[in-house]
Amino acid sequence: MDNKPSNQTGPRPSNRPVRSNNNPNNNQPKAKTSAGQGRNPRANRGAAIRAQRRTQDDAHRIANKYLDASGQQSEGQPRANFIDDSPRLKIIGLGGMDGGGSKNMLLVEYMNDAVIMDCGNDLGVDLPGINYGIADVTYLESIRHKLRAYIITHGHLDHIGGLPHIVPKIPAPIYGSKFSIGRVEEIFGNFGLPMPEGFELQTVTMNENTHERLKIGAFFVELVRVTHSIPGSTCIVLDTPVGRIINTGDFRLDPNPLDHERTDTERLEQLGKEGVLALLSESTTTERPGRTPSESTIEQSFVDIIEQAPGRIFVGLFSTNMNRVQMIINAAVHHGRKVAMDGRSMVSTLEMAVRHGYVRIPKGTFVPIASAATMKDHELVVVCTGSQGEPSSALQRMSTGDHRHIKLKEQDTVILSSTPIPYSGNDEKIRSMVDELYKKGVHVFRHETREIDHCGPLHVSGHASIDEYKDMMRMTKPKFFVPIYGDFTAKRQHIEIAVEEGIARANTLNADNGDVIAFTPDKMEIIGKVPHGTVLVDQTGAIVSNVVIKDRLMLAEEGLVAVVLTVDKKTGQLITSPDIITRGFIYIRDSEELMNAFRTELRRATAQRFKRIDLDRFKAELKDHVMQFLFENTGRSPIVIPVVNVVSGGSNSRPSVEKQQSGKPAVIEPAQPSPEQVAADQQLRFQELRAKLLGQDARTD
Ligand SMILES: [Zn+2]
């Protein structure tokens, strides 16, 4: 996948409602009387619990799309025999078998050796506070002594973004083309969290043009050049004792790429003649007929627009598409304009690309973005991130007037050199950004509206179309065919293409993540399943538990109510008026009547029950009672947290009351504890309380 924005900087608000409001009780008129009048407690309690259960179920359903391996196992999936050292070749998708752009990661295992092919992250996870997902590597941990290498097809994040999390834990050298290794070093360098002590990044740069072969354990590896939307893209050819495996990585067969680095079809044909056991082919766009147009078809469009633009020009594109950056630099230079660049991820990749000779910028062409404002309008082209309308991206900030150096104005021109990522929900973000651009009087050119904008094509996909997927099969002539890096439907369609190309249907497999595909020279079959799943990562790079996500989803849907009661240990009466704290539930100041009724109810419940049962049971009953009361009166079921602070009575009269009530002989009251003791006791109580609360929440999950 070429299309993932790589500069996610802020939490993305979830645009998905947690649940449709199908709770019939919500439509009932809200009771305004004080609680407890004329109700059927049992029925209402049931309704309240059911309502909360529904919210929980919805939260579970959404969060469970991204369960880690422990969660997957608890769903009753069979575990494969881990210690299978039979002379079978095993290929397991730890990620990427459920969708393109989704933490692509394949494991190849043979007796005492294993390699990982690609190790990406999934930027499409739409959960509160989550930046991306990575593959759960529980299984890889269990065979860590076998792991010899990580081999990378290309430098997009959905193929390398998992490395800074996983490699330090399960170290092995990372193999890839010069540009891919440059990208790997870049993401390790920019990673937010410190690496574990003693960890050293080990990389092996391979030449994808010379058919260089390296021995890795029982395997030989070779990289073969393919065209995609990032330099240095390759197929991985892995010769194993059972046969030759080819992982295409992401590819298209561009006959005329800008860097003249065409797919090495001659080598692929040669490998095919020698014999290929299995082709693992990417499945991003298997539903697109024909051939993907060449990158060179869009060159003239940029030349034309730059020639005619009256003022400054801003081009938004994907941050790693360095060939396109080169194309725009060339067009700018041709028209005597200077080039500035904005967007942290893009600048970082450009620096690496220039250092390794992938992008050439004529001397005096490049100007810092900070000095862009001082330049004459007709002298400037700005290349920037934000073509997907990503929050906080350069172009997005310019559109809203929040950019530090650039204030857009009439006669400026903006070119969006991309199309919305399919199924990403980015259409809306792009649309509202374009709205803002037009409001500023800016000329906007988009690929989708090129006919009405009177311009040529502005974007081509980095992925193959059906005829190119067919070509890949014709060149490599595999015995077995396994579609990878796509969702079930895209992979199914890829199998149809393979069958059309003469591969026996019995020699194809639509495998899921975790499926163990075993190969002998004559047979391919699924022999079991290993733990797999998604581990969620937040903005800081830290791992976030699925339990936390469920709480966030429930909080987002129903809010939170905490009641803090201070109860006299001896009398069982409330010493102060109950404190009620709500977040995201109702606005207390607008609900005075309800709050008064709520306080009365809390007082009544405490007086009735506190002395009769132990504290734990009291809190559990109180929680139920509050849930029921709130549901009856508002139709909502927020998360309820009861906090009960029990204090010993301070006045002289109270001990005597206790003495009379209990009928026991008088006991001498202990001396008043020091303030330090009180504080320490309180701290301890709150710690216990917290532990209990957390325990309760975990159980409901
Ligand atoms: Zn890609």
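Where does Lys 477 lie? Lys 477 sits in the loop between α14 (466-476) and β19. This is a predicted model, in which local features need pLDDT of at least 70 and side-chain atom pairs count only at pLDDT 80 or more, while totals for chains, interfaces and linings use all residues. Residues are numbered from 1 along each chain as its sequence is written, and side-chain values use heavy atoms, with hydrogens and water left out.

View 1. Phi of Lys 477 is near 45°, a positive value in a residue other than glycine. Helices (H or I, at least four residues) and strands (E, at least two) are DSSP runs, numbered from the N terminus. Lys 477 is exposed, at 51% relative accessible area. Buried means under 20% relative accessible area, exposed over 50%, and partly exposed in between (1.4 Å probe, protein chains only). His 211 is found in the loop between β8 (203-205) and β9 (213-216). Its phi is near 60°, again positive in a residue other than glycine. His 211 counts as partly exposed because its relative accessibility is 30%.

View 2. Two strands pair if DSSP finds at least two bridges between them. Four bridges join β14 to β16 (residues 380-384), and the two run parallel. Phe 314 has Val 382 as its bridge partner in β16. Four bridges also join β14 to β17 (residues 413-416), again in parallel. Here Val 315 has Ile 415 as its bridge partner.

**View 3. Four strands form an open sheet.** The order is β4-β5-β22-β23, with antiparallel pairing. β4 (121-122) and β23 (543-544) stand at the edges with a single partner strand each, so one side of each has no neighbour in the sheet. Two bridges pair β4 with β5 (residues 130-135). Asn 121 stands opposite Ile 134 in β5.

**View 4. Arg 244 and Glu 274 form a salt bridge.** A salt bridge is a side-chain nitrogen of Lys or Arg within 4 Å of a carboxyl oxygen of Asp or Glu. The structure holds 26 of these salt bridges. In the pair Arg 244 and Glu 274, the closest N and O atoms are 2.9 Å apart. This pair links distant parts of the chain: Arg 244 is in strand β12 (residues 244-247) and Glu 274 in helix α7 (residues 265-274), 30 residues apart. Arg 244 is buried, at 10% relative accessibility. A network of salt bridges links Arg 213, Asp 239, Arg 244 and Glu 274.

**View 5. Lys 529 and Asp 515 meet in a salt bridge.** Their N to O distance is 3.2 Å. Lys 529 is in strand β21 (residues 524-529) and Asp 515 in strand β20, 14 residues apart. Lys 529 counts as buried at 14% relative accessibility. Asp 515 counts as buried at 10%.

**View 6. Glu 632 and Ala 48 are 584 residues apart in sequence.** In space, their C-alpha atoms are 7.6 Å apart. Glu 632 lies in helix α18 (residues 615-634). Glu 632 is buried, with a relative accessible area of 19%.
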